[in-house]
Amino acid sequence: ITGDRDAKVTIVIKSIGFKETIKINKGTVRSLLINPLAQIRSSESVEEKNAIHITSDNAITVYGLTRRKQTTDTFMGLPTNVIGKNYRVICYNASVKLSEFAIVATEDSTVVKITPTVETQLGRPVGQTFEVKLNKGDVYQVIARDLMPAKRKNDLTGTQINANKKISVFSGHQCAYVPDKVFACNHLIEQVPPIVSWGKHFYIGMLKKRSKYTYRVLADKDSTKVFENGKLQKILMAGDHFEKQANDHVQITADKPVLVAQYSQ
């Protein structure tokens with residue numbers, strides 16, 4: 001947690017009875033270790049009050065870091081004023097582990113409709129919408145069903161999530177090979193922006209000390225045209241994605257709003 005003004009910050013995890021209030025001096029970064037008891041462990045089961053709720057008396061920036069031996073990833077936390085009700089998740093192909101996403105309710109009596117692109121761990125069928133009811137602070141995770149070795153059929157990318165109230169959505173992977181044939185798996189996590197904030201024009205830059213990277217473009221609407229440096233790459237249907245490796249800076253444009261993800265290999 002950091003900010004450009006002094007801030008009084010309170011962190012609450014109701015499920016484990018955790019509450020701490022800390023002072024953050026302007027221009028400094030404060031790290032807080034989260035008890036592993038708060039880890040999401042289930043699939044398709046409501047974990048009541050298991051969210052991490054952070055409030056502050058001044059504007060702050062928050063990022064999360066998840067780390068185990070030989071695997072680390074981070075995400076920028078999105079404040080509640082920019083989250084939304086409608087999402088599509090972007091994950092990755094199955095490897096030795098599986099793709100997943102999690103939903104956090106910010107209000108009581110939140111009804112969430114989920115339409116998975118692949119079969120879920122508990123057998124929810126492809127393309128069939130199901131509902132879950134959540135209260136403020138509840139967390140609901142969905143993991144793809146283990147269909148090894150049918151790797152690409154285990155990718156939850158494109159799954160549609162619609163709610164009647166604002167929710168936070170996190171998506172990623174337990175431990176993915178990026179790309180498929182590079183056998184070194186890493187945890188992937190990102191807080192997903194709502195569809196209303198998607199765009200049509202992106203620049204992707206080279207990563208320091210890396211010779212290439214992978215990127216994906218996800219569509220929400222049918223017949224979405226995707227271009228790289230002005231050249232048509234793919235016409236996507238709703239929920240479909242396009243993946244490519246690149247070894248230089250690229251410009252991505254589309255004729256309808258898309259979500260773009262860059263992966264370090």
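Gly84 touches Lys165, Lys166, Ile167 and Pro194, leaving aside residues up to four places away in sequence; contact means heavy atoms within 4.5 Å. The model is predicted: local features need pLDDT of at least 70, side-chain atom pairs count only at pLDDT 80 or more, and totals for chains, interfaces and linings use all residues. Residues are numbered from 1 along each chain as its sequence is written, and side-chain values use heavy atoms, without hydrogens and water.

**Gly84**
- Gly84 lies in strand β7 (residues 84-88); strands are DSSP runs of E, at least two residues, numbered from the N terminus.
- Gly84 is buried, at 9% relative accessible area. Buried means under 20%, exposed over 50%, and partly exposed in between (1.4 Å probe, protein chains only).
- His173 is 89 residues from Gly84 along the chain, and their C-alpha atoms are separated by 22 Å.

**Nonpolar cores**
- A nonpolar core is a set of buried Ala, Val, Leu, Ile, Met, Phe, Trp, Tyr and Cys residues joined through side-chain atoms within 4.5 Å.
- The largest has 33 residues; Phe101, Ile103 and Val169 are among those with the most contacts inside it.
- The largest share of this core, 5 residues, comes from β12.
- Another core, of 13 residues, lies apart from it and includes Tyr213 and Ile252.
- Val169 touches residues including Tyr87, Val89, Ile161 and Val192, not counting residues up to four places away in sequence.

**Tyr63**
- Tyr63 is found in strand β5 (residues 63-68).
- Tyr63 is partly exposed, with a relative accessible area of 48%.

Methods. Helix = DSSP H or I, 4+ residues; strand = E, 2+ residues; numbered from the N terminus.
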